[in-house]
Amino acid sequence: MTFTKRILTVSASILALAMPVAATEFRIAVGDGAGGTQEALGKAFVSALQEQSGGEMSAQLFLNGQLGDEQDTVSALATGTLDFSILAINNLTPFSPSVGTLTLPYVILSQDDAEAITQGEVGQRMVEQTIEDAGVRIVGWGYSGFRVLTNSRRPVETVADLQGLQIRTPRNEIMIETYKAWGINPTPMAWSETFAALQQGVVHGQDNPYMTVYAMKFDEVQSYITNIRYVFSIEPLIVSEALFESLTPDQQAQILAAGEAATQASADFLRAEEAKIRDELVARGMKISDPADGEAEFMALATAHVWPKFYDQIGGKDVLNTVLASLGRPAVE
Ligand code: MLT
């Protein structure tokens with residue numbers, strides 16, 4: 001077997017209670033801590049999987065990167081040593097560059113955009129491409145909201161305010177280039193090392209959605225938030241393709257149906273919770289600013305400098321234009 005399969009030994013007394021017992025229990029790696037959108041997506045998936053399979057399949061969540069850093073879990077799925085992972089799309093991009101279209105700055109401008117792209121034809125093509133490139137299959141989509149900028153030093157409203165701050169980014173070329181377009185050299189770093197680096201002052205700031213800032217308790221080490229909206233964080237639920245292929249057609253269909261249910265639950269969760277979590281971060285002392293001029297300066301620099309650099313990597317300018325067209329936006333020349 002290329003995946004974790006645990007046959008649960010059930011004592012006679014438990015059997016007597018006729019409790020449903022999962023014959024197969026998968027392991028799901030989750031990068032973030034409790035209370036965020038990754039956990040919500042994972043819980044919804046587990047409950048839908050149990051329901052779809054009549055209790056024959058279940059799964060356990062391992063939060064806070066216990067099973068490895070997000071990027072490492074992609075390799076573990078590809079080699080079949082791990083079953084599922086929930087991670088930010090930017091940490092999947094290095095393994096399947098076409099997914100990078102979703103990380104290009106200012107392509108996704110709302111939660112509606114994020115849902116339309118991932119659940120439509122473009123999303124389906126990304127599912128297929130990711131299987132081919134990385135040996136992992138996206139079976140559900142989580143939505144975490146815009147990656148806002150946090151830092152420990154000062155309010156940031158303009159590109160000038162950003163200068164001199166040491167900002168952590170994921171090891172993702174598109175995001176690194178975005179900060180370069182804004183005039184600073186960011187510090188690429190694994191997600192699992194980020195809290196400690198912020199705490200020790202190795203870096204002054206980072207960007208992630210409100211939901212993630214809360215789930216990771218970044219309010220303990222960061223004071224300021226800027227509502228930039230350059231990337232809307234999408235958090236796919238991925239399964240090892242080797243594992244998926246080893247299942248029966250019925251089991252595969254149950255996993256896909258559970259993934260669809262979890263996708264909807266994630267969209268609902270973000271709509272219901274994001275404003276409450278933002279207020280909670282303010283109650284914990286974080287100060288929130290909006291970028292000056294409706295973010296025009298951040299947006300103009302990022303789109304002009306970053307988009308053209310990545311056309312080849314995402315599969316050509318046409319790929320971006322297909323995404324823009326599906327959102328009713330004009331093509332780039
Ligand atoms: C990152 O910044 O590496 C990711 O967005 C973290 C996450 O998955 O929440």
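**Reading pockets and a kinked helix**

User: Which residues line the second largest pocket?

Analyst: Rolling a probe the size of a water molecule over the atoms shows where empty space is left. In this predicted model, the second largest pocket is lined by Phe 146, Val 148, Tyr 210, Asn 227, Ile 228, Arg 229, Glu 274, Ala 275 and Arg 278. Helix 11 gives the largest share of that lining, three residues. Sorted by class, the lining holds five nonpolar, one polar and three charged residues. The volume of this pocket is about 160 Å³.

User: What volume does the largest pocket have?

Analyst: About 360 Å³. Of its 16 lining residues, Gln 124, Val 127, Val 139, Trp 141 and Glu 260 are the closest to the centre. At least two lining residues come from each of helix 4 (111–119), helix 5 (121–134), strand 4 (136–146) and helix 11 (249–283).

User: How many nonpolar, polar and charged residues does that lining have?

Analyst: The lining of the largest pocket has nine polar, five nonpolar and two charged residues.

User: Turning to helix 12, where does the kink lie?

Analyst: Helix 12 spans residues 296–314, and its kink of about 40 degrees lies at Trp 307, shortly before Pro 308. Trp 307 is also one of the buried residues of this helix, along with Phe 298, Ala 302, Val 306, Phe 310, Tyr 311 and Ile 314.

User: Against which helices do the buried residues of helix 12 pack?

Analyst: They pack against helix 6 (159–162), helix 7 (173–181) and helix 13 (317–326). Just after helix 12 comes Gly 315, with a positive phi of about 105 degrees.

Key:
Residues are numbered from 1 along each chain as its sequence is written. This is a predicted model: local features need pLDDT of at least 70, side-chain atom pairs count only at pLDDT 80 or more; totals for chains, interfaces and linings use all residues. Side-chain values use heavy atoms; hydrogens and water are left out. On a 1 Å grid over the protein atoms alone, a cavity is a set of points where a 1.4 Å probe fits but cannot get out, and a pocket is an open set with protein on both sides within 12 Å along at least five of seven lines; lining residues have an atom within 4 Å of a point. Grid points are joined across faces, edges and corners, and a volume is the space filled by probe spheres set on the points. Helices (H or I, at least four residues) and strands (E, at least two) are DSSP runs, numbered from the N terminus. Ala, Val, Leu, Ile, Met, Phe, Trp, Tyr, Cys and Pro count as nonpolar, Asp, Glu, Lys and Arg as charged, and the others, Gly among them, as polar. The bend at a residue is the angle between axes fitted to the seven residues ending there and the seven starting there. Buried means under 20% relative accessible area, exposed over 50%, partly exposed in between (1.4 Å probe, protein chains only). Contact means heavy atoms within 4.5 Å.
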